[in-house]
Each structure stands twice: as C-alpha cells, then as structure tokens.
Amino acid sequence: MNAVARAKAILFEPAAAWPGIEKDVGDPAFLLSRYVAVLALIPALSGFVGATLIGAIAPSGAIVRADLIDGALGAVFSYAASCAIVLLLGLTVNLLAPLFGGRRDFKDAFKLVVFSFTPLWLAGLFLLLPGLRFLLLTGAYGIYLFWLGAPRLTKLPEQQALNFTVLIVICACGLLFAAALMQRALFGTPGL
C-alpha cells in the first residue's frame, strides 16, 4: 500500500476508494506502522514548529513561543495520542457496530477510522502558523468519509449510517479534546 496514493484516493475519490480499502488485507499493525505513523507526524511536527520556532502573538502584541523541550515533549505526546486515539476509536467502532445492525470486525473498523482521519492529519499543516489554526476545521471532511465508508466496512444498513457516524464523531471529538487539553496542561503547547 502506497500511503500517498491511498491518501490522495480517499480525499479526492472516496466513493471509489472505499471498495479498494475494503479489499485490502492490511492488518492493523501494518496500517499503524505504514500509514498512521507517517500521517500522524504531520500535525506533531507542524505543531512543534509553530509553537516553538514561529510562536503566537499574545494580546499584548508580543510573540510567545514555547520552550524547545516542552515543544518537543508536546510533539511526542501529540504523536502518541494520535496513534492511541485511532486505536481507541477502532475498538469503539468494532464494539458499537452490532448495536446499529453492523458486524464486528476490528480490521475493517480500524481501516474505517484510520482512513477517515486522513483529512485531519493533513490539516495539521495549519498548525505551523497559529493564526491558521481555525483551518483545522477542514479536517471535518473526515466525518463525511466516515459516513461514506461505514456501511461498506462495518456492513451497517444505510439508514443507520448517519446515527452511527454521529455517535462516533462525538466519541472522536471527546478524545481529541481530552488529548489537546492534556497536552496544553502538561507541556503548554497547543494540541490538535
């Protein structure tokens, strides 16, 4: 699996990409090491550069930068949290899919979560400039990707896809918010 080609396909042709993703035999460890490990670096490194080297403008007009060590530790935390969040969401999708008429299959649930997170990881580039953080909202395209892929990978009935997507989005937002809050509290750097 070529990570760049797969990311391009899921972003620009999601309806055509999901059948190929469904047929992929890649196990979660392979996806974690070849796809997640690469894409999760984008927000971690961008956040590090944005927080420590570029900085943010405080209300007083001064440029505020994070300490290099705090920035580096925050980047490592962000990277680890990103990997943990997709694993936790994969488990959540696997556990909740039968409640909505789907089937339980961790490999497919994990693929669904991983490829749905692609826009959010790519939007992590906007962490380079603190004034562009609001553009992280472009990562919300992943919600549409999840909704589109959920019936295919979890075998949910089409009419349950929206309800299932809303529940998983709430879980994802909670996990992302908790991770960002912990990162800010521990290291003083903004999280994804």
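**Figure 1. Overall fold of the predicted model.** This is a predicted model in which local features need pLDDT of at least 70, side-chain atom pairs count only at pLDDT 80 or more, and totals for chains, interfaces and linings use all residues. Residues are numbered from 1 along each chain as its sequence is written, and side-chain values use heavy atoms, with hydrogens and water left out. The protein contains 9 helices and 2 strands, where helices (H or I, at least four residues) and strands (E, at least two) are DSSP runs numbered from the N terminus. Read from the N terminus, the order of elements is α-α-α-α-β-β-α-α-α-α-α. The radius of gyration is 17 Å, close to the 16 Å that the globule rule gives for 192 residues, so the protein is as compact as a globular protein of that length. The radius is taken over C-alpha atoms, and the globule rule is 2.2 Å times the number of residues to the power 0.38. Along its principal axes, the C-alpha trace spans about 55 × 30 × 25 Å. Of the 192 residues, 45% count as buried; buried means under 20% relative accessible area, exposed over 50%, and partly exposed in between (1.4 Å probe, protein chains only). Among contacts (heavy atoms within 4.5 Å) with a separation of 6 or more, 68% involve residues 24 or more positions apart.

Figure 2. The side chains of T118 and Y35 are joined by a polar contact of 2.6 Å. Such a contact is a pair of N or O atoms within 3.5 Å; within protein, one must be able to donate a hydrogen and the other to accept it, and residues adjacent in sequence count only if both atoms are side-chain atoms. Beyond its neighbours within four places in sequence, T118 touches A7, I10, L11, Y35 and L39.

**Figure 3. Helix 2 and helix 8, linked by E22 and R152.** E22 forms a salt bridge with R152, with the closest N and O atoms 3.0 Å apart. The pair links distant parts of the chain, E22 lying in helix 2 and R152 in helix 8, 130 residues apart. A salt bridge here is a side-chain nitrogen of Lys or Arg within 4 Å of a carboxyl oxygen of Asp or Glu, and by this rule the count comes to 6. R152 is partly exposed, with a relative accessible area of 36%. A17 also lies in helix 2 (residues 14–23) and counts as buried at 5% relative accessibility. Between A17 and G149 the C-alpha to C-alpha distance is 9.2 Å, although 132 residues separate them in sequence. Leaving aside neighbours within four places, A17 contacts R6, A9 and I10.

**Figure 4. A salt-bridge network around D108.** Side chains of opposite charge can pair when their charged atoms come close. R103 forms a salt bridge with D108, the closest N and O atoms being 2.8 Å apart; R103 counts as partly exposed at 29% relative accessibility. K111 meets D108 in a further salt bridge of 3.2 Å, N to O. K111 and D108 are separated by about one helical turn because they are 3 residues apart in helix 6. Salt bridges that share partners join R103, D105, D108 and K111 into one network.

**Figure 5. Loop residue K155.** K155 is located in the loop between helix 8 and helix 9 (161–187). Its phi is near 60°, a positive value in a residue other than glycine. Most residues other than glycine have a negative phi. K155 counts as partly exposed at 38% relative accessibility.
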